Amino acid sequence: MTESPYRLPRVVLPHRYTLALEPDLANATFVGHVVIDATVGARVERIVLNAIELGVHSVRVDGESANFSLDETTERLIIEQGATEGPLAIEISFSGTLNDKLRGWYRSTFTDVDGNEQVIATSQMQATDCRRAFPCFDEPDFKAVFDITLIVETHHFAVSNGPEVERTEHAVEGRTDPKVAVRFAPTMPMSTYLVAVVVGPLEATEPVMVPRMEGGDPIALRIVHLPGKGHLTDFGLDVGAFALAWYQEYYGLPYPTEKCDMIALPDFAAGAMENLGCITYRENLLLADPASATQQELQTLADVVTHELAHMWFGDLVTMKWWNGIWLNEAFATFMEIACCDAYRPDWKRWTTFSLERSVAFEVDSLASTRSIEFPVEAPADCDGMFDVLTYQKGGSLLRMLEQYLGEDEFRRGVSHYLSSHEYANTETSDLWDAIEETNPSTPARQLMDSWIWQSGYPLVSARLDGATLVLTQQRFAYGDTDDATVFVVPVHLNIDGVENKVLLDGPELRVTLPSADSSVVVNAGGHGFMRVAYDNALRSRLEGRLTDLTIIDRYNLVDDAWNEVVAGRLAAAEFLTFVESFTADRDLAVWQAITIGLRGVGRLVQGDALTAFQGRVAALVAPALADLGWEPAADDDDLRAKLRGLLVGTLAVVGNDTEAQTRCRAIMAQAEADPELVAAATNAVAAVGTDADYDHYLANFHTSATPQEQLRFLYALAEFPEEAQIRRTIDLAFSGNVKTQNAPFLLNRCIANRWHGETAWSSVRLNWQLANDRFPNNTIVRMIDPVKLLTRPEAVADVQSFFAEHPIPQAAKTLDQILERQRVNAALQAREADRLPSALA
Ligand SMILES: [Zn+2]
């Protein structure tokens with residue numbers, strides 16, 4: 001067997017790190033000292049662990065000074081010292097830089113109330129950046145105890161995975177004022193990627209004490225935040241406390257560690273990170289004022305908090321052996337986030353609106369350049385491409401499909417069995433299916449899931465009548481023709497004349513006997529299956545005759561399937577428009593979300609007179625629904641009704657270009673206190689027709705907003721303005737350094753998505769490609785350019801495709817392929833509709 005350049009030998013096994021880190025925030029540097037207690041399994045000639053971008057000053061092995069070298073290409077520290085079977089202590093002194101790339105131990109900054117720049121040292125270790133903070137065995141199955149001490153200025157706040165247990169004065173040479181050494185309780189055995197160390201001028205809320213299952217000390221839950229933001233923590237704490245209680249019940253296991261700190265940071269590359277007991281977040285995903293936030297903003301916050309807390313068990317207590325398993329880690333947390341959020345706020349109907357996430361996964365998974373969910377990962381960098389919609393949204397959808405096929409309680413028992421059998425250990429994906437089969441012996445969980453995880457794509461299930469027999473067949477869904485013979489093991493929920501039925505379509509065809517030749521059938525009833533459905537004419541007309549009997553998801557799926565038939569070239573855009581006009585009486589948010597997505601897509605296909613005619617059709621479709629809801633919030637509105645009002649206002653004003661609606665939006669913006677849903681919709685609607693004075697006003701609001709949500713609303717609305725000069729200002733702003741590097745790529749994303757000036761924005765990004773890559777976090781580059789798929793002019797298509805042939809994005813090669821293919825799909829759609837849609841609208 002040859003040695004892998006990416007995997008450390010399994011001979012020296014670490015079991016405890018005693019780590020001291022001392023940051024110098026003003027100079028953005030740190031020094032550190034670590035003792036790693038390990039066990040040697042068999043005699044070795046040298047000891048190998050991971051380190052990069054660190055200065056290593058000395059290494060001692062069992063007290064003896066040892067020679068060492070650093071190999072920057074393999075990111076390894078090689079200690080030239082043999083060892084024999086038995087215990088071993090490795091002691092290393094080192095130093096490093098707090099970098100600005102938002103990885104490893106890095107620097108985050110903010111301006112305080114006096115206008116001074118303040119620095120925070122914070123960490124992001126996943127996937128393989130713990131080795132940038134201290135030398136370690138940086139692979140997920142080298143679980144160990146971390147006994148961490150942070151040596152900090154006395155006025156600074158320090159937080160890590162364990163609760164603080166000791167504070168001692170720490171004299172500093174050449175200084176009269178001492179520092180303080182803050183020691184944290186040793187962790188449970190965990191992976192290096194979950195270590196967290198945060199130091200700076202921060203504050204914490206009072207802890208909320210959440211009861212611990214099976215007795216024991218309650219769980220102290222706090223939010224750590226910038227000074228002066230304590231009033232924005234109540235909602236996050238409420239979600240967190242609910243989730244901690246709910247997960248203990250669901251998993252049947254107590255919270256696995258002592259305390260739970262959630263930290264809101266001004267600079268963060270991802271959304272949040274599930275460090276054990278010390279979870280880090282972007283500010284807008286943890287801090288909010290419920291009085292001024294929209295339902296979407298609060299739901300996103302709740303989703304992220306419940307997602308991260310789900311990981312405390314699934315991911316942190318039980319961890320994947322290697323990075324190929326990251327998809328299950330993330331898919332599962334996505335599934336749990338929805339389940340927990342649905343329990344937290346049943347009125348938000350989270351499993352219904354999850355349809356939107358499923359559609360996002362369908363969009364990518366319909367392409368020839370999609371990938372299978374699981375794939376072999378050799379280099380850790382290979383897993384960078386796993387953090388995408390196929391992992392989160394498709395993976396989460398597949399688990400929902402499995403859960404609905406098994407039954408919610410049966411699924412939960414399997415999960416609980418899996419966690420309790422593997423606690424503190426590492427697993428392969430198949431261990432979960434095996435645990436589910438052990439608790440549900442009659443279900444072929446592994447066979448079923450393997451067909452979805454190792455094959456790319458998803459099926460179009462066709463339903464037709466053969467007398468009183470329902471015939472189901474499957475064919476992989478594609479934009480365009482395909483003879484792909486992939487067969488999935490598809491659990492299909494049928495609703496036959498109102499009666500629920502589950503069948504397994506595990507071959508090309510399945511025949512089901514119906515009560516009569518006149519039976520009415522919903523295929524994929526409830527909408528939880530990861531499939532699209534095509535009915536024959538008889539079945540379809542029976543369904544269209546009873547639209548109001550269908551569930552919200554069934555109606556959502558009818559609209560979403562129809563729009564995708566347009567993209568695939570099997571339905572004309574004009575026919576889609578006529579079809580959705582039959583939903584004008586619908587009052588459900590999810591259905592209107594699907595309609596709006598399709599309308600925005602159709603709107604991009606037309607210009608001039610045809611666009612004006614299209615806008616008239618949109619206004620005629622939306623206005624009656626909005627009039628019925630009323631422009632003014634009603635006392636008995638629930639959150640989703642208020643959100644639907646916001647959606648309809650935005651659609652009427654922007655997609656329908658309705659001047660009266662635009663005027664009313666201006667009036668809403670001028671009100672001191674207005675409903676957040678109306679304010680958010682009006683913010684975008686006014687921007688879309690905004691003047692230079694509006695632009696200045698928005699820019700000022702971006703700098704002075706009271707909450708992270710309002711700040712982002714104003715920032716991102718700067719990409720919606722109608723004039724080219726305005727969009728150029730926004731692009732300059734994104735590159736100016738006055739927008740956080742965590743947000744600038746997403747601002748540019750919105751500029752490229754601008755209906756009128758997307759090409760201008762793309763040209764600027766293209767011109768500043770090197771600067772963007774140097775400055776923005778690695779994982780945001782591909783997201784920044786995602787909307788190039790909307791640029792469909794033949795010259796723009798050629799330009800984009802040739803640029804990326806020369807400028808690959810190695811950390812997201814697959815995602816880039818998918819964006820480029822989708823651009824070609826959209827260009828073909830544009831070409832098909834170029835003449836026929838305008839003439840249908842005339
Ligand atoms: Zn996650």
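The charged end of Arg532 sits over the ring of Phe477, at 5.4 Å from the ring centre. In this predicted model, Arg7 likewise lies over a ring face, that of Trp322, with 3.7 Å to the ring centre.

Contacts between rings come next. The structure holds 39 aromatic pairs, and two of them are tabulated here.

| Pair | Centre to centre | Angle between planes | Class |
|---|---|---|---|
| Tyr17 and Phe134 | 5.9 Å | 75° | edge-to-face |
| Tyr695 and Phe721 | 5.1 Å | 65° | edge-to-face |

Tyr17 belongs to strand β1 (residues 12-24), while Phe134 is in the loop between β10 (117-124) and β11 (145-152), so their pairing ties together parts that are 117 residues apart in sequence. Both Tyr17 and Phe134 are buried.

Tyr695 is buried, with a relative accessible area of 1%, and Phe721 is buried at 0%.

One aromatic cluster is formed by Phe314, Phe332, Phe335, Trp351, Phe354, Phe411 and Tyr418.

The zinc ion has three protein donors, His307 (NE2), His311 (NE2) and Glu330 (OE), at 1.9 to 2.1 Å. Their spacing in sequence is H-x3-H-x18-E. His307 and His311 are separated by about one helical turn because they stand four residues apart in helix α2 (residues 295-311). His307 has a relative accessible area of 7% and counts as buried; His311 is buried too, at 0%.

Methods. Residues are numbered from 1 along each chain as its sequence is written. This is a predicted model: local features need pLDDT of at least 70, side-chain atom pairs count only at pLDDT 80 or more; totals for chains, interfaces and linings use all residues. Side-chain values use heavy atoms; hydrogens and water are left out. Donors are N, O and S atoms within 2.8 Å of the metal (3.2 Å for Na, K and Ca); water is not among the atoms, so sites may look incomplete. Helices (H or I, at least four residues) and strands (E, at least two) are DSSP runs, numbered from the N terminus. Buried means under 20% relative accessible area, exposed over 50%, partly exposed in between (1.4 Å probe, protein chains only). Rings of Phe, Tyr and Trp (its six-membered ring) pair if their centres lie within 6.5 Å; planes under 30 degrees apart count as stacked, over 60 as edge-to-face and the rest as tilted. A charge sits over a ring if NZ of Lys or CZ of Arg is within 6 Å of the ring centre and within 35 degrees of the ring normal.
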